[in-house]
Amino acid sequence: MTDVLIVVALLLVAGAATAAVLNRDPVRQALVLSFLGLALALLFTFLQAPDVALSQLAVGSAVTPLMILLTVRKVRRRSGNDHGADEPAGRER
Amino acid sequence: MSFRFRLWVFLVGAAGFAVLFAVACFGLPAFGSGHHPYGVRAVRASLNHHTANVIASVNFDLRAFDTLGEETILFAAVLGAVVLLRQTQDERRKTPEPAVVHPRVRRFALLTLPLALLVGLYVIAHGQISPGGGFQGGVVTATALHLLYVASDYRALERVRPLTVYEIGEAAGEAAYVVTGFAAVLAGSAFLANVLPFGTLATLSSGGTVPLLNAAIGLEVASGVVVLLARFLDQAVEIEEPGEDEESGDPREIEKPRESQGPGKPRESEEPRGCGRPKESEGPEASGASRDDDNRDDKRE
Amino acid sequence: MSTSDGWLAAALVPLLALGPVLWRIAHGPAKDRLVGQNLVSLLAGLALLLAAQGFGRPSYTDVALVVSVLGPTGTLIYARFLDVLPDSRLVKWTALIGVPATVLPLCVATGPGRAMAKLLLVGALLIAGSVVTSARGGDGGTTA
Amino acid sequence: MAAVLEVLVWWIALTGIWLVLISTVDPLEVLVGAVAALAAALLARAGRRAVAAQ
């Protein structure tokens, strides 16, 4: 039964990683990356490595998305004057 | 270099890697087999030192020196981010606009905040007993603080986050690890050797130096992540480049950069400005123009 | 099929449900992406709880505990930056039905004690996190 | 007075949660839990005040 769980988790990881590569929008990539992180955490747990799963969860579920989204906001704000950004400037808070 | 040529370089490299990888895979022990020469020894060593979580024993006892290296990498990475993302002289700080948060979300975030901190401290404290440890717990602890950003806005977070304390905390965590290592030397053993009494298996005081090193890492990681995220938040929310956001007529702007400059040294001469962000060290007006040039360069490539 | 295999087979249910969610995250509109992100942490928490019981390792519940605390945090961070916090009956009812359906059998298997209280705490956190980030707000619930 | 009461309520609740999280209860465990819960209780109050201040 453990093998079935491992195989399903591996397929989820492979699917999420592929989707992250195929997406072009950084925000959407961040969301797929969050999914990838949780799938990896599940895989690590099924492989009896909860310590690694915890590391992955701690970093992947809140800190990494926050860093990516902050960077996207900064970069969009910088380039906003030259060629219209996806997000109107001046909404940062 | 043409596309076809690059493709060939890639294919040759990939083929070589595939062959070596396949050969290496055949040399691996079978997946899920019962034969674990390293695992058996690690578990024995861990139980000898009364550490219930073998991973913690490997990280903070058998290979404590490796972990010192890893901790230093994180320390250096945070330091690098702090240097690169500092406020330069032509950038200005503005007060971020207050966010409108749904009261339900605000209440939930405020209730989760102490709980998340408690869970983080729990994970740090029980590193030698259950899954987790200083790194995992440290990141959870740092995340807990940023629930305040979710509950309200960046100004609320800044009120309970004296950044200097966290900068000191990061350095203190790194130092505590090294000091624990040298304490073992003073006790007549090797650097980072486990010299303390091992205690009773599966209690908080078990594992000798393992819980101490865990706590040092927890302090370093929690403070380091807070400092790191503070720089990202500063850049994204507060710091404004010249010509970046015209609508800001806020009188509360702070004109001077926050970082103290070297005594008597003009800032321009002592640091290479162009390395982190493409910008020339001319006046604010001129740098806006040069930034446009940079962007044009980007588009051409 | 032994009892532990039964728990692991039950963990397969939330795990398989993650497949369609991944599709929505990768291809759906902005609203669906956030609902998906919310649902992922809920389903992963349930799968981790069941796996901990299936492996007979109570300490693995810590992983589910961390998910139950950090999952909603991640969702709220996305909500802040995407400026949308959609109502989702799917998430709400998955939490209100799925969490008790998972946690109560686990409690029965664990028996009374502090381990059971911990399971209930994780369950309560999962429900609270999912409901808060998906329930209908007074003004459309978008202001995050 | 209200401040002490607020922190005290948080402290008791969080110490209770700590006792739920741990596997074996011994004096050191309770001591560490009480200290951690106190830190979290103080942060809870500081956080609430920081949000209410605007």
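Leu192(B) sits in the loop that links α8 (163-186) to α9 (210-238) in chain B, where helices are DSSP runs of H or I with at least four residues, strands are runs of E with at least two, and both are numbered from the N terminus. The model is a predicted one, in which local features need pLDDT of at least 70 and side-chain atom pairs count only at pLDDT 80 or more, while totals for chains, interfaces and linings use all residues. Residues are numbered from 1 along each chain as its sequence is written, and chains are lettered from A and ligands numbered from 1 in the order in which they are written.

Most residues other than glycine have a negative phi. Leu192(B), although not a glycine, has a positive phi of about 65 degrees. Leu192(B) is also buried, with 24 other C-beta atoms within 10 Å; a residue is called buried when 20 or more other C-beta atoms lie within 10 Å of its own, exposed when 12 or fewer do, and partly exposed in between, with C-beta atoms placed from the backbone. The loop between α8 and α9 of chain B holds Ala202(B) too. Phi of Ala202(B) is likewise positive, near 65 degrees. Here, however, the residue counts as partly exposed, because Ala202(B) has 17 C-beta neighbours inside 10 Å.

Along the principal axes, the C-alpha trace of chain C spans about 45 × 30 × 20 Å. Of the 144 residues in chain C, 55% are buried. Among contacts in chain C between residues at least 6 apart in sequence, 76% join residues at least 24 apart, a contact being a pair of residues whose C-beta atoms, placed from the backbone, lie within 7 Å.

An unreviewed UniProt entry lists residues 34-51, 63-81, 93-112 and 119-138 of chain C under "transmembrane region"; its positions are given in the numbering used here, its feature names are shortened, and its annotations may be inferred rather than shown by experiment. Residues 63-81 of chain C are 100% helix and 0% strand, with end C-alpha atoms 27 Å apart. For residues 93-112 of chain C, the end C-alpha atoms lie 27 Å apart and the span is 90% helix and 0% strand.

Chain D has two helices and zero strands. Its radius of gyration is 13 Å, whereas a compact globule of 54 residues would have one near 10 Å. The C-alpha atoms of chain D fill a box of roughly 45 × 20 × 15 Å along the principal axes, and 35% of the 54 residues of chain D count as buried.

Chains A and C meet through 33 residues from chain A and 32 residues from chain C. On the side of chain A that touches chain C, the elements giving two or more residues are α1 (2-22), α2 (26-46) and α3 (50-79) of chain A. Leu48(C) touches Leu42(A) and Thr45(A), and its other partners, leaving aside residues up to four places away in sequence, include Tyr60(C) and Val63(C).

Technical notes. Two residues are in contact if their C-beta atoms, placed from the backbone, lie within 7 Å. The radius of gyration is taken over C-alpha atoms; the globule rule is 2.2 Å times the number of residues to the power 0.38.
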